[in-house]
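Q: Could you take me through one part of this protein in detail? I'd like a close look at the pocket and what surrounds it.

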Amino acid sequence: MWVHFVHYGLHFLFPIIIAYMYSPGNWKRVYLILLSTMLIDLDHLLANPIFDPNRCSIGFHPLHSYFAIVVYFLMLFTKKTRILGIGLLFHILTDYLDCFLRS
């Protein structure tokens with residue numbers, strides 16, 4: 001149960017802190033952008049089965065691939081894509097931690 005709390009807390013609650021640190025005056029907008037990065041989980045729909053509690057997303061799903069992670073990292077270097085890059089990398093980090101917490 002605590003694994004789910006940590007996982008979803010990192011996906012939904014910790015981005016509030018990131019948003020406030022990134023842009024205190026505009027944190028609500030930034031928070032919504034960070035939440036929108038969870039759309040990369042749509043790639044789970046391509047897997048069979050869609051959900052496997054013992055499967056690590058990193059390196060398995062296309063938008064969780066190592067190539068995609070490099071693209072997300074490169075997004076940090078452009079102001080227009082920086083917050084998306086932060087959100088996507090934080091999402092990947094959360095999923096990566098989940099791989100270890102579940103094992």
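A: Happy to. In this predicted model, 21 residues line the largest pocket, and those nearest its centre are F51, R55, S57, D98 and R102. The volume of this pocket is about 450 Å³.

Helix 3 itself runs over residues 27-36, and its buried residues are V30, Y31, I33 and L34. Viewed down the helix axis, these buried residues fall within an arc of 160°, so they line one face of helix 3. Turn to the other side of helix 3 and you will find K28, R29 and L32, which are exposed. Here "exposed" stands for over 50% relative accessible area, and "buried" for under 20%.

One more detail is worth a stop as you follow the chain. In the loop between helix 3 and helix 4 (66-74) sits P49. The peptide bond leading from N48 into P49 is cis, and its omega is near 0°. For context, most peptide bonds are trans.

Conventions
Residues numbered from 1 in each chain as written. Predicted model: local features only at pLDDT ≥ 70, side-chain atom pairs only at ≥ 80, totals over all residues. Heavy atoms only, no water. 1 Å grid on protein atoms, 1.4 Å probe; cavity = no way out; pocket = protein on both sides within 12 Å on 5 of 7 lines; lining within 4 Å. Points joined across faces, edges and corners; volume = space filled by probe spheres on them. Buried < 20%, exposed > 50% of the residue type's maximum accessible area, 1.4 Å probe, protein only. Helix = DSSP H or I, 4+ residues; strand = E, 2+ residues; numbered from the N terminus. Arc of directions from axis to C-beta.
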